[in-house]
Amino acid sequence: MLFNSYEFIFLFLPITLIGYFVLGRYGKGFGAGWLGLSSIFFYAWWDYRYVLLLGASIVGNYWFGCHIARAHGTRKGRILLGVAVTTNLLLLAYYKYADFFINTINVAAGADLPLLHIVLPIGISFFTFTQLAFLVDAYQGKAAEYRFVYYVLFVTYFPHLIAGPVLHHKEMMPQFDMDRNYRARIRNFEIGLTIFTIGLCKKVLLADSLAEYANPVFSDPSPQSLLVAWGGVLAYTFQLYFDFSGYSDMAIGLSRLFGVKLPLNFNSPYKADNISEFWRRWHMTLSRFLRDYLYIPLGGNRHGPARRHLNLMVTMLLGGLWHGAGWNFVIWGGLHGLYLVVNHTWVEARSRMGFGRRSAWGRVAGVALTFLAVTVAWVFFRSPDLPTALGLLKGMVGINGVELPAALVARLGFIQPMLESLGVDSYLGGTTRFVMTYAWVAAAAFIAFAMPNTQEIMRRFDPALEDPRATMAPSLALDRLTWSPRLGWSMAIGLLLGAGLLSLSRPTEFLYFQF
Amino acid sequence: MVRRTRYLCGLGVSLAALLVAVVAFNLVVDPYGYVGAPRIPGLNALKPGPGSELVAVKRAALARLAPDALILGNSRAEVGFDPEHPAWATRGLEAYNAAIRGAGLEAAVRMLETARQTQEPEVVIVGLDFLDFLTAPDAAIRPFPNATSESVIDRFQRWFGAVGTFGALRDSVRTIIAQHGRYPEIITDRGLNPLREYEGIARVEGYHAMFAQRAQENARAYVRKPSGIFVDGTRSSPSLSIVEGLVERARQRGTELHLVIYPYHAQILVMFEAAGLWPAFEQWKRRLAEIAAKGGPGIKLWDFSGFSDYTTEPIPGAGDTTTEVRWYWEAGHFKKALGDLVLERILLPGDTADAGNFGVRLMGANIDAHLRRISQDRDAFRTSNQAFVADTEALVERAR
């Protein structure tokens, strides 16, 4: 069931909400139990075959977690933790990476091992990671023991189950234990519905429209000229942002209907003026997880710059592989690791050379360079294979020449000779697609770079666990676009929700479901 | 309480107002003709080409019009074969063009079976596209497609899609624009796509550009196609087995079935040869003739794909935006004018005074001679159009 489908919005959500608040009157356990069962139903709707796997994962990890917590800091606890973490990683490796490893061996050693063709259990990366954090914290004595029903709900909670945010038990379990969250509150509905609507519109109005112009360049094996390649890649750059941040907004909004706040997952990442900042703004809950449970345990920055750089590379390579079982994802992660190393080296060099604060232009250049680097890396992330990615990059650096649609050139009149002198060629057909690609990219860029984001708009009403006011980037019309439960806003959000609902007829999947 | 719920009420009211406005607008304009709203000139008299709703629109029309003659195929048939050509009336038939652009034979069979739920067609014309028959040697041959009836949920979804979506709103707006455009993108009530928008493009960019663009796309597609027509170890393929099924069912039902090999422009024929597809092209015709022969006298296989005066119509040169091409929009899509000649040849045999080599009925006995003649015509065409042939071959070579 997709968040952007009729059955979810008009059946699942209302029934789950009503059951939750009605049963919640008889006790938190009933309300949480209902929500957990509904979430499992939500999961089973995708693929009932893996409900048992999900169930076994939850029961097993809860059992291990409880025993590890009781033996925290001891040898027994360490052994239990080792067994539990290994089991989780083996399961993930089997379901997600088995064919990738076999294929790699086949290619590297010229072997002919048969592939297993295992269907990926949806959300396995997310529910494995949330539980790994729980196990590690249990060993460190940081995880309090909660009722089993809250644990089930923490793992299965439908707003995050399929594609995150990557939740942390410390921020979720206490909320499931709060009496007030089992009572329907108008303010929660106002905020939740508003955030959900903004997310829905990001997905169905922006991301899905951009997809139409992004997909062709990644599926066409023929060489792409400079502007065509850039148009498609930029369309994908914004599609992915609006798709995933739209999904995250919908998750935050949906959860708020149940009184539960989720952590922020996006914070205008393309406004970042360096790559470290980008990772503090993009898929924030995954960055946080990788930092706390991979980068820091590897040694973080505690053993000198060389080791720090190595730790960054390892973290990003594994982070890349987490996104998908393919070498393109590894390259993507490797590129980001490299970007981070370069960024750290540059920052150190700047401070050693005694440079002061950056000017406004320096910041603009930083944003542009970061965006360029991120966009180039997306080419690997999105391309079905390495040759496609390299082919597109060739197009993006101009090796295949610069072309405009012939019909457009014919209408450019006075600058036509100038284009010719610059070596700009023309191609037949595709005029509408070319023009629409850049029109959508321009509109999306304006929203992503200049407008306040969802939590900035909602900042006066605690939209998420973190306070968005601490990390706001500059944007236009922030004051006018600050939400409050006034009639004007209600009308605007009603119209946006209507626009979103009218665009539901052909639901499209969210990009992050595949991870 | 009212004060406390003011925000949610406001949201609900504006949401409802927008939905009601959109639904009302779509009901009045009725872009797909489902609702039967009054047709008002300047507002909704013409219906736009419905894009993704095409199948649903044509299915609904089949149920409404109950035609006794059907045109099936892909965009070539949808654009070229006029269901309102006088030849139909001469034969006492009411035809509908149920061809679906971009679709293969399976979609054609589904349209046929849909039509049969209302009215058993007496005459069926099926356009056969050689490219649909090129198959991977390990392709799975599936059972003959069954009729799919529209369930209550399907019907609800269709109606909902026609009134309660942005897609419908966009098509409503396109409907209104189409009434006032010079070259509107429409389909007729009988399912023909007159491709008027191509007329507009031809006026601005000329036919040369249209032929050239399509030729580039075709070249890229042809060199990537498999070059055989049979699945390994058989004399069949997914598409051939559908033709066998069509022939067998037409024989059982007593339907007059015309299998029509489209009149490809010579540019496409040269491309077939350059892409190494010519042997498969001939083998395909032989196999079709065998299959058609099994169906008895009611089943007729027509080949319009030779080098005739029509299919060798010259393509205007680069930069020429004024010369009109009489028979083609571009090499793959013939105009209604040529489609009319095809229909006359098929429906009114004997009426066409001099068909020459345009439209030959293939039977077991004449297939060798027919293929030989096309080969000779091809060689003659190559000799007299050397520059054109060289350019076309170069295009295919570049696409490799």
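1. Two strands count as paired if DSSP finds at least two bridges between them. By that rule, strand β2 (residues 69-72) and strand β4 (residues 123-128) of chain B are partners: the two pair in the parallel sense over four bridges. Within this pairing, Leu72(B) stands opposite Val126(B) in β4(B). Note that the model is a predicted one.

2. The β2 and β4 strands belong to an open sheet of six strands in chain B, with the order β3-β2-β4-β6-β7-β10 and mixed pairing. At its edges stand β3 (95-97) and β10 (360-362) of chain B; each has a single partner strand, so one side of each is left without a neighbour in the sheet. On average, neighbouring strands of this sheet are turned by 20 degrees against each other, with direction ignored.

3. A helix of chain B, α9(B), lies across β4, β6 (256-261) and β7 (299-303) of chain B. Relative to β6(B), α9(B) runs at about 155 degrees.

4. The largest cavity has about 60 Å³ of space.

5. What is the make-up of the lining of the largest cavity, in nonpolar, polar and charged residues? The lining divides into six nonpolar, one polar and four charged residues. Among the lining residues are Leu112(B), Arg116(B), Glu120(B), Val124(B), Arg249(B), Arg253(B) and Thr255(B).

6. Turning to the interface, the contact takes 33 residues from chain A and 27 residues from chain B. The size of an interface is often given as the accessible area lost when the parts come together. Here the area buried between chain A and chain B is about 2,400 Å², and carbon and sulfur atoms give 71% of it. On the chain A side, Ile186(A), Leu428(A) and Leu502(A) supply 30% of the area that chain A buries against chain B, more than any other three residues.

How values were computed:
Residues numbered from 1 in each chain as written. Chains lettered and ligands numbered in written order. Predicted model: local features only at pLDDT ≥ 70, side-chain atom pairs only at ≥ 80, totals over all residues. Heavy atoms only, no water. 1 Å grid on protein atoms, 1.4 Å probe; cavity = no way out; pocket = protein on both sides within 12 Å on 5 of 7 lines; lining within 4 Å. Points joined across faces, edges and corners; volume = space filled by probe spheres on them. Nonpolar A, V, L, I, M, F, W, Y, C, P; charged D, E, K, R; others polar. Axes fitted to C-alpha atoms, helices over the stretch in contact; angles between N-to-C directions. Contact = heavy atoms within 4.5 Å. Buried area = accessible area lost by both parts, 1.4 Å probe.
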